Amino acid sequence: MIEGIVKQAPILAIVIPLLMSTLIPLLGRKHTIIRNTLAFLGPLGSIAVLSLLINPVFDGGQRIIYMLGGRIPPFGINLVVDSLSLLLAILASGLTLLAVIYSYKYMKKYTGLVQYYALVMLLMAGILGIILTGDLFNLFVFLEIMAISAYALVAFTTGKEQVEAAFKFQVLSTIGTLGVLIGIALLYAMTGTLNMADLAQRIPLVGQSPIFSFALVFFLLGFGLKAAMVPLHSWLPDAHPAAPSPISALLSGVVIKTGVYGLARVIFTIYGVSMVAIHPFLLAVLALGVATMVVGGLMAMVQVDIKRMLAFSSISQMGYILFGIGIATGLAITGAIFHVLNHAIMKALLFMCAGVIVYRIGTRDMSKLGGLAKKMPVTALGFLVGGLAIAGIPPFNGFWSKLMLYIAGFQSGNSLAAVVAILMSVITLGYFLRFFQQIFLGKLPKNLEEVKEAPLAMLLPIVILILLCILIGLYPQVFMNLSQSATNAVLDQTGYIRSVLG
Amino acid sequence: MIANLNYVMAAAIFTVGLYAVLVKRDLIKIIIGIGFMEYGVNLFWISLGYRTGGTAPIITPGEVSHTASWVPQTTLVDPIPQALVLTAIVIGLGTTVLLIAIAVRAYQRYGTFDIQKMRELKE
């Protein structure tokens with residue numbers, strides 16, 4: 001029985017949330033409890049089946065290949081679970097689970113919640129599909145599944161701000177996915193295959209061609225737009241604040257990371273570092289990463305809207321991750337993957353804390369807030385921990401991943417970029433402390449004296465995320481090893497080809 | 001040049017769509033621009049699979065028996081891009097419907113399709 005599930009685990013992880021997204025509208029209309037349980041079971045089921053793979057993938061260093069319809073690669077579509085995929089897949093399902101728990105109370109005042117939970121499940125299925133697939137066109141399809149549910153979720157409350165943000169988000173994001181599609185078409189034209197392993201095998205055989213560089217530029221455009229890389233970031237500060245807070249946590253936590261994941265897969269697994277390194281492509285990623293962290297950080301400083309500030313801070317942190325990808329040494333990629341994990345946790349925490357303020361007070365304007373630490377101690381603690389972690393202060397989790405990125409920057413001779421990265425961390429610390437003081441310390445405005453701490457269902461995910469921030473900060477070795485094994489998996493091109501094509 | 005005309009057309013259609021998306025202020029025109037861009041990419045995909053003088057990629061039993069192999073004698077067009085474009089068209093339908101739905105909502109909220117006016121009305 002268990003063995004059968006292990007064999008089917010990669011596809012089950014995608015099918016379970018997909019199934020829930022159809023079951024929730026079918027069964028959950030009448031009873032809230034059925035709807036809530038199904039929404040809870042979706043991510044939980046994915047985590048359960050994925051955890052069965054932890055042993056062979058992380059400890060054994062294997063790649064689990066699942067052939068859809070039993071067709072042997074390169075024919076048909078196959079799913080590939082390696083350390084990187086598994087790490088991100090568990091992260092995505094875990095965050096979705098917390099967001100669902102958070103939504104129980106947060107979304108209560110809205111109608112159409114059946115559709116809401118169905119869309120969340122669809123969003124998660126899309127993310128897992130992108131992460132687990134081993135076929136480039138399939139990746140495009142899942143990218144669209146994820147994106148379409150994300151647009152609908154941003155527009156969910158259909159206020160003025162929401163519809164405008166969702167429209168902008170969708171128009172720009174569609175251009176991004178079309179960029180990816182053109183890149184895929186160019187690769188197909190050159191090699192005649194869409195299987196990632198087969199592509200990795202055939203690209204060196206075809207040899208040097210300007211078309212490959214051309215395709216790479218389109219991939220950078222498409223995935224860069226998804227990852228909110230400067231100058232393609234303008235949709236994010238509108239879309240992420242406009243969404244309901246648990247969705248903001250998911251969008252900033254995992255959805256933008258899929259862009260980086262796609263870019264890393266294309267650069268390291270399909271092309272291979274040696275193939276990409278011929279052009280100054282990695283240098284461009286590095287430069288754009290530095291630009292992204294600077295622009296995001298400087299813009300975050302001047303915001304008054306708390307969620308908009310967090311959105312700009314997300315852009316800034318994406319810059320660090322792109323910085324790691326651009327350096328492309330083992331340590332840098334490990335740091336980048338570790339930072340993906342850390343940023344997902346701390347940004348979800350921060351958005352959930354901001355959500356408490358929106359839920360209890362109904363404003364996102366930080367200038368109208370003050371002295372809330374006495375009224376909401378846990379939320380204040382969460383915001384402080386998240387802010388310190390994101391600025392890279394020990395002993396929180398962000399410190400270790402940022403440290404790895406700085407060291408990698410200096411080691412690879414990109415000292416200037418590393419100095420900028422350190423400087424931006426100082427600025428991050430500056431604005432987070434200032435906003436913390438503005439919201440939680442100082443004088444409590446008269447109209448906020450009746451404010452209470454968040455309900456238990458919203459506090460539970462916040463507490464879990466605070467504990468994760470501290471736990472990873474105190475015992476970073478375990479997670480560094482996981483990131484290290486993910487890096488080895490993504491860099492080991494020959495191993496990838498051999499395990500897929502046999 | 002003539003042989004590559006469809007690639008030129010694909011690029012042209014794509015550029016026209018991109019122009020509409022970047023320059024136009026009307027939501028509906030932007031949606032039409034997105035549609036143009038999608039068609040440009042689809043035409044590019046189809047062109048990749050085209051073979052001069054090729055027939056539909058359907059292998060009949062008779063054909064297989066007299067060549068004594070599954071490889072047919074006549075040139076066939078590449079079926080994979082066609083299958084992929086069908087998928088892309090269906091996805092394009094979904095995104096267009098959602099875009100129009102959001103545009104309708106935006107019209108209900110703002111009373112205009114003009115992006116510039118929406119920005120002024122937001123505050």
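**Note on the two-chain model**

1. In strand β2 of chain A both faces are covered: N78(A) and V80(A) on one side, and L79(A) and V81(A) on the other, are all buried. Here a residue is buried if 20 or more other C-beta atoms lie within 10 Å of its own, exposed if 12 or fewer, and partly exposed in between, with C-beta atoms placed from the backbone. Helices (H or I, at least four residues) and strands (E, at least two) are DSSP runs, numbered from the N terminus.

2. The model is predicted: local features need pLDDT of at least 70, side-chain atom pairs count only at pLDDT 80 or more, and totals for chains, interfaces and linings use all residues. Residues are numbered from 1 along each chain as its sequence is written, while chains are lettered from A and ligands numbered from 1 in the order in which they are written.

3. The partner of β2(A) is strand β1 (residues 64–67) of chain A; the two pair in the antiparallel sense over 4 bridges. Two strands pair if DSSP finds at least two bridges between them. Y66(A) has L79(A) as its bridge partner in β2(A), and I65(A) stands opposite V80(A). In a regular strand the side chains alternate between the two faces of the sheet. In β1(A), I64(A) and Y66(A) form a covered face, whereas I65(A) and M67(A) form an uncovered one.

4. Helix α4 (residues 83–106) of chain A has 24 residues, which should span 34 Å at 1.5 Å a residue; its end C-alpha atoms are 34 Å apart, in agreement. The expected span is 1.5 Å times one less than the number of residues. Of the 24 residues of α4(A), 23 are buried, and the helix is mostly covered.

5. Two packed helices are described by the angle between their axes and the distance between the axes. Axes are lines fitted to C-alpha atoms, for helices over the stretch in contact, and angles run from 0 to 180 degrees between N-to-C directions. α4(A) packs with helix α5 (residues 113–132) of chain A at an angle of about 170 degrees, their axes 9 Å apart. That makes the two helices roughly antiparallel; angles under 35 degrees count as roughly parallel, over 145 as roughly antiparallel, 65 to 115 as roughly perpendicular and the rest as oblique.

6. Where α4(A) meets α5(A), the residues from α4(A) include S85(A), L88(A) and A92(A), and those from α5(A) include V120(A), M124(A) and L132(A). Contact requires C-beta atoms, placed from the backbone, to lie within 7 Å. By class, this contact has 11 nonpolar, 3 polar and no charged residues. Ala, Val, Leu, Ile, Met, Phe, Trp, Tyr, Cys and Pro count as nonpolar, Asp, Glu, Lys and Arg as charged, and the others, Gly among them, as polar.

7. Helix α7 (residues 160–191) of chain A has 32 residues and reaches 47 Å from its first C-alpha to its last, close to the 46 Å expected at 1.5 Å a residue. α7(A) is mostly covered, with 26 of its 32 residues buried. G192(A), which follows α7(A), has a positive phi near 75 degrees.

8. Helix α11 (residues 245–255) of chain A is largely enclosed by the rest of the structure, because 11 of its 11 residues are buried. Among them are P246(A), L250(A) and G253(A).

9. The axes of helix α8 (residues 196–206) and helix α12 (residues 257–271) of chain A come within 8 Å and cross at roughly 55 degrees. That makes α8(A) oblique to α12(A). M196(A), L199(A), A200(A) and I203(A) in α8(A) meet R265(A), T269(A), I270(A) and Y271(A) in α12(A). This contact has 6 nonpolar residues, 1 polar and 1 charged.

10. Chain B holds 5 helices and 0 strands. Buried residues account for 26% of its 123 residues. Among contacts in chain B between residues at least 6 apart in sequence, 58% join residues at least 24 apart. α2(B) and α4(B) pack at an angle of about 175 degrees with axes 10 Å apart, and are therefore roughly antiparallel to each other. Their contact comprises 17 nonpolar, 6 polar and 1 charged residues.

11. Between the chains, 26 residues of chain B are in contact with 24 residues of chain A. On the chain B side, α2 (27–49) and α4 (79–110) each supply at least two residues. The largest share, 14 residues, comes from α4(B). By class, this side of chain B has 19 nonpolar, 3 polar and 4 charged residues.

Terms used:
Contact = placed C-beta atoms within 7 Å.
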